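Here are my notes on this model, point by point. Please read them with the structure open.

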Amino acid sequence: MIQHKMYSDFLYTKIIATLGPSSETVQQIMDLLLAGVRVFRINFSHGTFEEYENLLSNVREAEKQTGIFAAVMGDLSGPKIRVGEVAGRGVVLTKGDLIEFVKHRLVAGTTGTEKVFSSTLPQFVDEVKAGERILIDDGNLELVCLASKGTGENKKLICRVEVGGLVTSHKGINLPESELTVPAMTEKDFQCVDFAVAKKFDILALSFVRKAEDIMLLKNRLSELEARPKMMKGISGYLDFKGKKPNLENYIPIIAKIEKPQAIKNLESILEETDGVMVARGDLGVEMDLAEVAILQKKIIHMCREYGKPVIVATQMLQSMIESPVPTRAEVSDVANAIFDGADAVMLSGETAVGKYPDKSVKMMRKIGWRTNEFLKDSQIQSGRFITKTRYFHRAAALAHGVSTIASDVKAKMIITWTQSGGSSVMLSQQRMQIPIIAFGDKQARLRQLSLLYSIQPVFMKKPGSGSSFIAAADKVLLKNKWALRGDPVIFVSGDPINKTGIANRIVIHYVGESTDD
């Protein structure tokens with residue numbers, strides 16, 4: 001059973017760490033948990049199912065030993081296009097060179113194929129039009145399509161090199177100006193979803209989302225696997241469907257990774273379907289003008305706040321700490337600005353997966369988060385706002401806004417919730433009250449998922465028999481762990497009766513230690 005940690009360990013902005021060779025053992029994962037990580041990302045683009053299962057098992061063991069809830073997020077690769085096989089150490093392309101992309105497999109750089117390349121998605125040859133750019137290796141090389149020749153399996157693209165460089169096997173290909181009809185999920189993605197459901201992953205992230213239908217495709221697969229009701233809408237709760245009560249232990253929320261120009265155009269419809277968003281600045285900065293990335297980050301986060309959806313900022317946040325024990329000043333400002341913008345969580349990728357200083361990277365990110373949130377607390381820049389575009393959860397949004405006002409009036413030390421579906425906790429988190437939100441619940445899977453959300457501290461508790469018994473039990477936890485002192489004002493939010501699922505409708509202003517007679 002997961003036990004509670006001390007008040008000093010409460011976090012506001014959450015930290016996500018990508019697992020890899022630098023962070024794969026139980027001890028390494030424990031170190032990251034104690035340093036401040038609350039969500040671990042397993043990247044399905046690399047490794048085997050056996051390796052994924054081992055990482056998951058190690059996270060669960062580290063969670064058990066540290067007593068800290070941690071969610072595991074599986075990151076689906078999506079239709080990422082890569083260069084096929086290239087001979088030796090690669091092929092050097094220079095400005096003005098003419099090269100070809102073909103559909104059939106070959107090894108580029110050999111006799112007769114010196115400037116002929118294949119890819120992992122042969123059909124892209126059918127869809128790129130003359131005048132459209134082809135970017136390789138995160139935009140380090142730039143080509144322009146001049147024409148296509150041939151038909152069927154013999155069709156090929158003729159391209160001119162605009163910016164040269166070295167092309168090696170499996171380098172990424174980006175098509176920022178092409179409208180691909182390729183499905184949002186590959187066969188491997190479907191296999192990964194099946195695996196994630198079977199092994200009880202907590203969250204799934206979908207790469208290269210372009211439109212709302214991409215999210216619906218993943219939802220349908222999860223529904224088939226009984227990991228999501230067909231009419232489920234949003235991490236902030238669920239809708240009853242045909243009178244059947246969904247199994248919240250199996251429910252897996254979806255994070256849409258925004259990294260394509262098409263996703264920016266369709267952002268509002270995507271936000272209506274997804275449970276949360278990741279600002280994936282790597283491919284976003286390749287597919288769009290790099291100078292726009294910071295502006296897009298702010299716009300995306302602002303829209304997520306309007307819709308009441310959790311948002312993660314990712315990519316190169318402390319990139320220099322892969323090799324250096326200290327970050328650059330610009331990186332520190334980048335993390336702080338993501339928090340100022342309103343991010344629920346910030347993510348480390350190579351820093352914890354392959355970096356030399358994984359735990360130092362987390363500690364630095366935690367320190368930046370603490371200092372930034374202290375400033376926000378003093379200035380009250382973000383707190384207290386009604387979320388207008390919740391679509392299905394106006395009552396939860398209105399209640400959360402009311403709680404924020406009450407908390408300010410009585411100077412509450414913290415908010416206490418009894419959570420089942422998690423809807424009220426999500427909306428309370430979106431208020432950015434700059435005080436801890438202690439989410440008690442009896443469903444460990446749901447509590448793990450809440451670990452992603454701003455200021456939420458999940459705590460396991462057996463379901464109390466009534467609202468008054470919940471307050472009494474929570475009082476004991478607060479005092480035992482020294483999270484509060486007798487007489488401190490706190491606000492309780494729960495359903496009435498306590499076992500009512502789907503909506504919180506009870507608010508109690510309580511002073512720690514006072515009587516709770518029915």
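1. Terms first. Two strands count as paired if DSSP finds at least two bridges between them. Strands are DSSP runs of E with at least two residues, numbered from the N terminus. This is a predicted model, where local features need pLDDT of at least 70, side-chain atom pairs count only at pLDDT 80 or more, and totals for chains, interfaces and linings use all residues. Residues are numbered from 1 along each chain as its sequence is written, and side-chain values use heavy atoms, with hydrogens and water left out.

2. Start with strand 15. Strand 14 (residues 254-258) runs parallel to strand 15, and the two pair over four bridges. Within this pairing, Ile 255 stands opposite Gly 276. Strand 16 (residues 311-314) also pairs with strand 15 in the parallel sense, again over four bridges. There, Met 278 stands opposite Ile 312.

3. How enclosed is strand 15 (residues 276-280)? Five of its five residues are buried, so strand 15 is largely enclosed by the rest of the structure. Buried here means under 20% relative accessible area, exposed means over 50%, and partly exposed lies in between (1.4 Å probe, protein chains only). Both faces are covered. Gly 276, Met 278 and Ala 280 are buried on one side, Val 277 and Val 279 on the other.

4. Seven strands make it up, in the order 4-12-8-9-10-6-7, with mixed pairing. Strand 4 (81-82) and strand 7 (116-117) are the edges, each pairing on one side only. Strand 8 (residues 133-136) and strand 12 (residues 172-174) are antiparallel and share two bridges. Ile 136 has Ile 173 of strand 12 as its bridge partner.

5. Next, the nonpolar cores. A core is a set of buried Ala, Val, Leu, Ile, Met, Phe, Trp, Tyr and Cys residues joined through side-chain atoms within 4.5 Å. The largest has 70 residues. Phe 40, Phe 44, Leu 204, Leu 218 and Leu 222 have the most contacts inside it. Another core, of 29 residues, lies apart from it and includes Val 91, Phe 101, Cys 145 and Val 161.

6. Leu 218 deserves a look. Contact means heavy atoms within 4.5 Å. Setting aside neighbours within four places in sequence, Leu 218 is in contact with Leu 76, Met 185, Val 193, Leu 204, Leu 206 and Ile 254.

7. Last, the cysteines. How many disulfides are there? With a disulfide taken as a pair of cysteine sulfur atoms within 2.5 Å, the count is zero. Cys 192 is buried, at 0% relative accessibility. Cys 304 is buried too, with a relative accessible area of 0%.
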